[in-house]
Amino acid sequence: MKQFDGQALSWDLKHGVIELALHREPCNEIGSLALEELEKFTIALDDLAYEAHALILYSRLKCGFCAGADLRELFQRSQQMEKQEAVRGVREFLERIHAVMNKLDAAPLTTIAAVHGVTFGGGFELALVCDLIIADKMARFCFPELRLGLVPGFGGIPRLKRDLGNAVVRDLLLTGRSFNATKAQQIGLVSQVVGEGEALRVARATAAQLGKFDRQTAIAAKRFIKPIPYQELREEIDLFCDLFAQPAVEAGLRKFVESTEAQPYLP
């Protein structure tokens, strides 16, 4: 399937580059709908990869790249089910989203996240599966999960540990503060910082440059420099599920859901 127009995301393939666009209001929250469409994409990717050399992920929404997991959906599930049943449902969701993230992480393409604005939680984790992050100067990166009594659950911490020093990982995780694009570039998280509204254009130019290289060499180079921490990713799912069963999580989710702020995910 070379082209798809869904409710949460769309993709198409042109000139050897796949563009995956996120466009679910209010800010591309990743819930069951987005997961189903991401799964469709990873299935299609097996065939798309034969004709492509690069993949660009970006958002069509003004708010930013992605605000993270759909916390309202998560809260509703926790209220509608007995606790252990809810934990089993969360584990199933995490195993599915990890399968998607791992597939993107290991894809035989050079992958680029073109991000702007809010790049938080699960959205940050989605960007981290990409080989390159090109950030609009207004982009902000954050792991706010501790305020909910949780840790990131989509693979973010193992991937950050793979790419950055532990001091940075601890800062992002334990303080919950956000980093701007300049700081993100200084610590090695972002490869390029570009002008406001320029991330997608620069990502497209970068993808065109990548097309000049031998495909098999690029695949071998990526495999060599980008190991996937499968064991730590599995441990993350266990830790998230253990924490989800604690009372602090329900209180944190309720506070978020009942917030009257326009963007309650902001620090």
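What radius of gyration would a compact globule with 267 residues have, and what value has the protein chain? A compact globule of this length would have a radius of gyration near 18 Å, and the protein chain has 18 Å, which agrees. The radius is taken over C-alpha atoms, and the globule rule is 2.2 Å times the number of residues to the power 0.38.

## Basis of the model

This is a predicted model, in which local features need pLDDT of at least 70 and side-chain atom pairs count only at pLDDT 80 or more, while totals for chains, interfaces and linings use all residues. Residues are numbered from 1 along each chain as its sequence is written, and side-chain values use heavy atoms, with hydrogens and water left out.

## Overall fold

The protein chain contains 11 helices and 11 strands. These elements are DSSP runs numbered from the N terminus: helices are H or I with at least four residues, and strands are E with at least two. Along its principal axes, the C-alpha trace spans about 55 × 35 × 35 Å.

Of the 267 residues, 55% are buried; this term means under 20% relative accessible area, with exposed over 50% and partly exposed in between (1.4 Å probe, protein chains only).

## Cysteines

The whole structure holds one disulfide, defined as a pair of cysteine sulfur atoms within 2.5 Å. Cys27 and Cys63 form this link, with their sulfur atoms 2.4 Å apart. The pair joins distant parts of the chain, 36 residues apart: Cys27 is in the loop between strand 3 (17–22) and helix 1 (32–48), and Cys63 is in the loop between strand 4 (54–59) and strand 5 (64–66). The link is right-handed, with 105° about the S-S bond. Both Cys27 and Cys63 are buried.

Cys130 is in no disulfide, and the nearest cysteine sulfur, that of Cys66, is 12 Å away. Cys130 counts as buried because its relative accessible area is 7%.

## The second largest pocket

The second largest pocket has about 580 Å³ of space. On a 1 Å grid over the protein atoms alone, a pocket is an open set of points where a 1.4 Å probe fits, with protein on both sides within 12 Å along at least five of seven lines; lining residues have an atom within 4 Å of a point. Grid points are joined across faces, edges and corners, and the volume is the space filled by probe spheres set on them.

Among the 27 lining residues, Thr110, Asp131, Leu132, Ile225 and Lys226 are the closest to the pocket centre. Helix 9 gives the largest share of the lining, seven residues.
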